[in-house]
Amino acid sequence: GIGGRVIVNGITYEVTETDPLQIYYHYSLKSYWQSQNSVTGKSNRIFGSGLRPCKIEPGKLVCSYATHYGNLTGAEAHNGLALEITPDVVHEVRPPPGTRIYFNPRAIPQPNGTTGGLPEYIFPDGTPPGSVGPPRDIPP
């Protein structure tokens with residue numbers, strides 16, 4: 001059900017659902033998008049089927065994240081969202097109303113020196129096909 005809290009990789013998130021008026025933004029690497037396309041020959045290989053649901057990997061849970069800030073630079077996204085990578089593209093994510101999400105108002109600092117502080121969302125069940133737009137270049 002919707003409501004309550006959940007802990008993912010030691011961080012507490014509020015369990016809620018998507019707002020029909022909210023657009024979410026997923027920051028990524030163009031090289032990742034391009035390398036996957038060259039392997040598969042399909043332009044929508046990565047996000048054509050939506051964001052991936054969380055999966056268990058050794059030592060951690062790997063999830064698809066987003067924020068509600070769509071005009072960050074690569075450096076701002078890297079630092080404010082406490083990312084391992086410095087993204088060079090952003091994707092609009094428009095999940096259907098009522099999609100389950102985990103919300104953390106302030107990404108926490110990471111050992112790589114990022115400070116966090118921006119709001120982050122996890123889509124534990126992923127998002128449906130057609131919900132993620134193509135990559136848009138962002139400034140460094």
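Gln22 is situated in the loop that connects β2 and β3, where strands (E, at least two residues) and helices (H or I, at least four) are DSSP runs numbered from the N terminus. The model is predicted, so local features need pLDDT of at least 70 and side-chain atom pairs count only at pLDDT 80 or more, while totals for chains, interfaces and linings use all residues. Residues are numbered from 1 along each chain as its sequence is written, and side-chain values use heavy atoms, with hydrogens and water left out.

Gln22 has a relative accessibility of 29% and counts as partly exposed; buried means under 20% relative accessible area and exposed over 50%, with partly exposed in between, for a 1.4 Å probe and protein chains only. Although Gln22 and Pro95 are 73 residues apart in sequence, their C-alpha atoms are 9.0 Å apart in space.

The protein chain contains two helices and ten strands. Read from the N terminus, its elements follow the order β-β-β-α-β-β-β-α-β-β-β-β. The chain has 140 residues, of which 39% count as buried. Among its contacts (heavy atoms within 4.5 Å) with a separation of 6 or more, 72% are between residues 24 or more positions apart.

Confidence is expressed as pLDDT, the predictor's confidence in each residue, from 0 to 100. The mean for the protein chain is 90, and 89% of its residues reach 70 or more. Helix α1 (residues 30-40) has the lowest confidence, with a mean of 66, whereas helix α2 (residues 74-80) has the highest, at 98.

Two residues stand out for their backbone angles. Most residues other than glycine have a negative phi. Asn9, which is not a glycine, has a positive phi of about 50°. Asn9 lies in the loop between β1 (5-8) and β2, and its relative accessible area of 41% makes it partly exposed. Ala82 is likewise not a glycine and has a positive phi of about 55°. The loop that holds Ala82 runs between α2 and β7 (89-93). Ala82 counts as buried, because its relative accessibility is 13%.

The structure holds one disulfide, defined as a pair of cysteine sulfur atoms within 2.5 Å. Cys54 and Cys63 form this link, with an S to S distance of 2.2 Å. The angle about the S-S bond is 115°, and the link is right-handed. Cys63 has a relative accessible area of 13% and is therefore buried.

The largest pocket has a volume of about 1200 Å³. A pocket is an open set of points on a 1 Å grid over the protein atoms alone, where a 1.4 Å probe fits, with protein on both sides within 12 Å along at least five of seven lines; lining residues have an atom within 4 Å of a point. Grid points are joined across faces, edges and corners, and the volume is the space filled by probe spheres set on the points. The largest pocket is lined by 36 residues, and those closest to its centre are Val62, Cys63, Tyr65, Leu83 and Glu84. Elements that contribute two or more residues to this lining are β2 (11-17), β3 (24-28), β4 (55-57), β5 (60-62) and β6 (65-66). The largest share, four residues, comes from β3. By class, the lining has 22 nonpolar, eight polar and six charged residues; Ala, Val, Leu, Ile, Met, Phe, Trp, Tyr, Cys and Pro count as nonpolar, Asp, Glu, Lys and Arg as charged, and the others, Gly among them, as polar.
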